[in-house]
Amino acid sequence: MTRRLRFNGTDSKNGGCPAVHEDLDSGEIIVQGAPLTDPDDLARLQHFGPHDVAVVVPRELLVNHGPKEIVRVPQIIGAEEFGRLFKTFEHSAWHLETRGGYASDREDPGYAEFLKSGMAPCDLDSEWCVNIRRQTDDGKYVGRVRVVDSPPSDGQRFLLSYARCNAATGEDVRNLWREDAERVHLPSEDFWIFDSRLVAMLHFDEGDALRDIEIITEPSEVLRFCQVRDAAVHASVPYGQFAAQLGAKG
């Protein structure tokens, strides 16, 4: 069975090895690097089996990207504390949206209106919009990349229509197709990054309802999510351009 591998990071300046990956099912760590081939060096390795392979990596690779705990104990916060993050961040807040839909959207009265008219309503006086506009007016960056299936789900079409409201508050709203997300190895995780130092991982149940919010501050983990953000922004396009692609594809 093919492993479910997650790229944890690399210190390489050109995107090559060495690098660290993690098996999401077993928790095993896979380290890639230059092979150790000198027979004299291999002979001096202890407990080196006939089918083992030795690789050489910089110490910094394991320090920066290796796990720091055997088992990470999740730090869970409530909705109120999560909401405060959007008022107290200092310079940036960014979201990767990876799901086919969200229960919270389907419960919004505007969702039913969208299904009838094809246009999501936009209330720029809502608490969310007023706060985000305040943050962006202060020079802070707020952005998101939304991954879209082909064909898009109703929930994804709703969010694409609502993107004009996001943009009106000063957000940088971008989209990319699921196949392109897989091509650049974006994870399926749905999360916010605040100030490139704190990640709020959003966990959902099978009905797309938000189950809990996990805070991650371990530097190596936060770095991995920042690298995901950079790849997602690079591979995506502004929502207006994506909407035009969707019309052409349809």
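Let me start with the largest nonpolar core in this predicted model, which has 25 residues, and in which F82, L85, W192, F194 and A200 touch the most other members. Two or more residues of this core come from each of helix 3 (79-88), helix 5 (109-117), helix 6 (127-137) and helix 7 (154-168), and also from strand 10 (190-194), strand 11 (198-204) and strand 12 (210-216).

If we take F194 as an example and leave aside residues up to four places away in sequence, we find that F194 touches F82, L85, F86, F89, S92, A93 and A200. There is also a second, separate core, made of 18 residues, and W94, V147, F225 and A235 are among them. As background, nonpolar side chains in soluble globular proteins tend to be buried together.

Now to the cysteines, where a search of the whole structure finds 1 disulfide. Which residues does the disulfide join? The partners are C122 and C165, with an S to S distance of 2.5 Å, and the link is right-handed, with 80° about the S-S bond. Because C122 sits in the loop between helix 5 and helix 6 while C165 belongs to helix 7, the pair ties together parts that are 43 residues apart in sequence.

The two partners can also be described by their relative accessibility: C122 counts as partly exposed at 32%, whereas C165 counts as buried at 0%.

Conventions
Residues numbered from 1 in each chain as written. Predicted model: local features only at pLDDT ≥ 70, side-chain atom pairs only at ≥ 80, totals over all residues. Heavy atoms only, no water. Core = buried A, V, L, I, M, F, W, Y, C linked by side-chain atoms within 4.5 Å. Buried < 20%, exposed > 50% of the residue type's maximum accessible area, 1.4 Å probe, protein only. Helix = DSSP H or I, 4+ residues; strand = E, 2+ residues; numbered from the N terminus. Contact = heavy atoms within 4.5 Å. Disulfide = S-S within 2.5 Å.
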